[in-house]
Amino acid sequence: MHSLARFSLANRALVALVCLVAVAAGLFSATALRQELIPSLELPLAAVVTPYPGASPEVVEQEVSDVLEAAVAGVPGLVSTTSASSSGLSSVTLELEYGTSVGEAQREVQQAVTRAAAALPEDVVPQVVTGSIEDLPVVQLAVSAGGADGGEVDQDDLVRAVETVVVPDLEDVEGVRDAALSGAGGQEVVVDVTPAGQAALTAAGLSPEAVVSALTANGVVVPGGTLTAEGRTLDVQVGSRLTGPDDVAAVP
């Protein structure tokens, strides 16, 4: 230890030069390291999301979740599966081994789900979802517009312009993988009860809440049991969906 101290004191210039070289090498290495604000990271997870409108949680579990869990049990690299069944929706989550290619796993899961489609209720379409850090948006833009006369632009016209002009132009920018519009208002049907309608409801011993109950009870497809014919068991569904203002107006 004493010899190292004596050597340092006797060769102060050399020691200072070595320190400067070490600092310069550290600064050069720090600037040469690759740095990413949002590095690419694939999570070893996949999910099969299946809407089943009008079905109770018990029906969703028996007719959808259990079928899909059995179908994906043979996917390579699968560690475990968990399912959640709620009213009108099934979600099956797959945990995969670390190092598994998420893209390849998604194809395997999609093939397994496709093979199981025949065992699912009619009009039930599962969707396989995978995700990574790259799916998070890195740039978010807000859009507003005013008319040539200084007035406001109709929202539907603005949404149409963004969808047909702005989004395609952004997708054509080099390095952009995807661009999507969110937050646009949807269409709705407003039902007003006229004074004559209120009088008719009162004469029939009903209140305006009866209109809400009638609309809630209609336009929903619900399971009605099963029917066995020619050795096959078929699911029976009752009701039909409301597809437009005319269907709403026709509700008794």
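The second largest pocket is lined by 15 residues, and Val-191, Val-193, Leu-201, Val-211 and Val-251 lie nearest its centre. This is a predicted model: local features need pLDDT of at least 70, side-chain atom pairs count only at pLDDT 80 or more, and totals for chains, interfaces and linings use all residues. Residues are numbered from 1 along each chain as its sequence is written, and side-chain values use heavy atoms, with hydrogens and water left out.

**Second largest pocket**

- A pocket here is an open set of points on a 1 Å grid over the protein atoms alone, where a 1.4 Å probe fits, with protein on both sides within 12 Å along at least five of seven lines; lining residues have an atom within 4 Å of a point.
- The volume of the second largest pocket is about 250 Å³. A volume is the space filled by probe spheres set on the points, and grid points are joined across faces, edges and corners.
- At least two lining residues come from each of α6 (195–203), α7 (209–217) and α8 (245–249). Helices (H or I, at least four residues) and strands (E, at least two) are DSSP runs, numbered from the N terminus.
- With four residues, α7 gives the most to this lining.
- The lining holds 12 nonpolar residues, two polar and one charged. Ala, Val, Leu, Ile, Met, Phe, Trp, Tyr, Cys and Pro count as nonpolar; Asp, Glu, Lys and Arg count as charged; the others, Gly among them, count as polar.

- Helix α4 (residues 102–115) has 14 residues and reaches 20 Å from its first C-alpha to its last, close to the 20 Å expected at 1.5 Å a residue. The expected span is 1.5 Å times one less than the number of residues.
- Val-102, Ala-105, Val-109, Ala-112 and Val-113 are buried in α4. They cover an arc of only 100 degrees around the axis, which puts them on the same side of α4. The arc is that of the directions from the helix axis to the C-beta atoms.
- Buried means under 20% relative accessible area, exposed over 50%, and partly exposed in between (1.4 Å probe, protein chains only).
- Arg-115 also lies in α4, but counts as exposed at 61% relative accessibility.
- Helix α2 (residues 12–32) has 21 residues and should span 30 Å at 1.5 Å a residue; its end C-alpha atoms are 30 Å apart, which agrees.
- The number of buried residues in α2 is zero, so it lies largely in the open.

**Largest nonpolar core**

- A nonpolar core is a set of buried Ala, Val, Leu, Ile, Met, Phe, Trp, Tyr and Cys residues joined through side-chain atoms within 4.5 Å.
- The largest has 18 residues, of which Val-48, Tyr-52, Leu-68, Val-72, Leu-94, Val-109 and Val-113 touch the most other members.
- β1 (42–51), α3 (57–71), β3 (89–96) and α4 each supply at least two residues of this core, and α3 gives the most, with four.

**Strand positions**

- Leu-234 sits in strand β6 (residues 232–238) and is partly exposed at 37% relative accessibility.
- Thr-130 belongs to strand β4 (residues 127–132) and is partly exposed at 21%.
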